[in-house]
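Hi,

Here is the structure I promised to send over. Have a look at it first, and then read on for my notes.

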Amino acid sequence: MKLQNIAASVALAVTLPTLSLGGSHTALAATQQIPTGTVAQILNKGLSVSGIYLNSYGSQQGNSWHKANDSYVNIYGYTQKFNIPEFSYKGAVLKRRLYVYNVKSIKSQKITIEPQSNAFQLDIKFENKGSEIKGMCRYKKIGGGYRDCIREDGAAPDINWKNPGIKVRLTPQAHKGGIILKPVSVDVQGEFQMNGICKIGKDICDRFTGYKSKIKNSVASSVMNQLNSNTVKNQMANVSRQGLSQLNIPPVKSVTMSGGYVKIEF
């Protein structure tokens, strides 16, 4: 639904200006209720240029394939790069083998803001194309140095990150005359299918469980930091101001949310 078509229904939710008496001064404050779906529609307009890319896999350098700071979060056109660490582990049983794992080229497919009961949710969906965690294997030679394992990929099976996604809980706030959504929590989702790596041994299986947490924590903190950055908040406020102006709503002073509506004061 176009914003112009929503303007009439929104106008019906306008309350009469209220008087606030303080000493000898009189101040007028008007409030208006806007459906949460309308606010989401306004803010989604700016997300068309947004995207998230997760990668730590690069060219080989000795026993490492790590490509540092190659992942990024782009929200409203502002990009922040971040690092996903590499996982490496020397086998406990096959002691000459070194297992190395990296996240390989996972791109967001769709980013949307959706209204919830008492908050908004930023829903980030990713491509799901199979082996998102790349495994490599190196073998320590008796005379020193390393070589590739005889069955490189078979010795370090890739790991699928099934249904990867991110959900961010957001609450509305007033900012520079517009409405912004402040992140409250970030949930990085998806199941790591580890059947192959766990067949190698319980030790590496357990260690990789810790690596999963490092991946998710790195992604979650980067998304949270970018949403809290001044550049993103200012751009979100700018996008919402433009949308609200089409509904003939002046700059916003305060915001609350309840019962499927965002109540603003101006």
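Let me start with a serine. Serine 240 counts as buried, because its relative accessibility is 2% (buried means under 20% relative accessible area, exposed over 50%, partly exposed in between, with a 1.4 Å probe and protein chains only). Serine 240 sits in helix α6, residues 230–245; helices (H or I, at least four residues) and strands (E, at least two) are DSSP runs, numbered from the N terminus. Setting aside neighbours within four places in sequence, serine 240 is in contact with Ile42, Leu43, Gly178 and Ile179, where contact means heavy atoms within 4.5 Å.

Before the rest, a word on what you are looking at. This is a predicted model, in which local features need pLDDT of at least 70 and side-chain atom pairs count only at pLDDT 80 or more, while totals for chains, interfaces and linings use all residues. Residues are numbered from 1 along each chain as its sequence is written, and side-chain values use heavy atoms, with hydrogens and water left out.

How confident is the predictor? pLDDT is its confidence in each residue, from 0 to 100. The protein chain has a mean pLDDT of 87, with 85% of its residues at 70 or more. Over residues 11–26, though, pLDDT stays under 50, and the model has 18 contacts beyond four places in sequence for that stretch.

Strand β10 (residues 97–103) is worth a click: 6 of its 7 residues are buried, so the rest of the structure largely encloses it. On one side β10 runs antiparallel to β9 (residues 87–90), joined by 4 bridges, and phenylalanine 87 has tyrosine 101 of β10 as its bridge partner. β10 also pairs with β13 in the antiparallel sense, over 7 bridges. There, arginine 97 stands opposite tyrosine 139, and valine 100 stands opposite methionine 136.

Tyrosine 101 comes up again in the largest nonpolar core. That core has 65 residues, and Leu54, Tyr101 and Phe208 touch the most other members. (A nonpolar core is a set of buried Ala, Val, Leu, Ile, Met, Phe, Trp, Tyr and Cys residues joined through side-chain atoms within 4.5 Å.) Helix α5 (residues 202–227) gives the most to the core, with 9 residues. Leaving out residues up to four places away in sequence, phenylalanine 208 touches Phe87, Tyr101, Ile133, Ile159, Phe192, Met194 and Ile197.

How many disulfides are there? The count comes to 1, taking a disulfide as a pair of cysteine sulfur atoms within 2.5 Å. Cysteine 137 is joined to cysteine 149, with 1.9 Å from S to S. Cysteine 137 is in strand β13 (residues 133–140) and cysteine 149 in the loop between β14 (146–148) and α3 (152–155), 12 residues apart. The torsion about their S-S bond is about -55°, so this disulfide is left-handed. Cysteine 137 is buried, at a relative accessible area of 0%, and cysteine 149 is buried too, at 5%.

The other sheet I looked at is open, with 3 strands in the order β3-β18-β17 and antiparallel pairing. Its edge strands are β3 (31–35) and β17 (254–258). Neighbouring strands are turned by 25° against each other on average, direction ignored. β3 and β18 (residues 261–265) pair over 5 bridges, with lysine 263 in β18 as the bridge partner of glutamine 33. Helix α2 (residues 36–44) lies across β3, β17 and β18, at about 75° to β3.

Last one: glutamate 127, in the loop between β12 (120–126) and β13. At 29% relative accessibility, glutamate 127 counts as partly exposed. Its contacts, not counting residues up to four places away in sequence, are Ile106, Lys107, Gln109, Glu132 and Pro164.

Cheers

Conventions
Pairing = 2+ DSSP bridges. Axes fitted to C-alpha atoms, helices over the stretch in contact; angles between N-to-C directions. pLDDT = per-residue confidence, 0-100.
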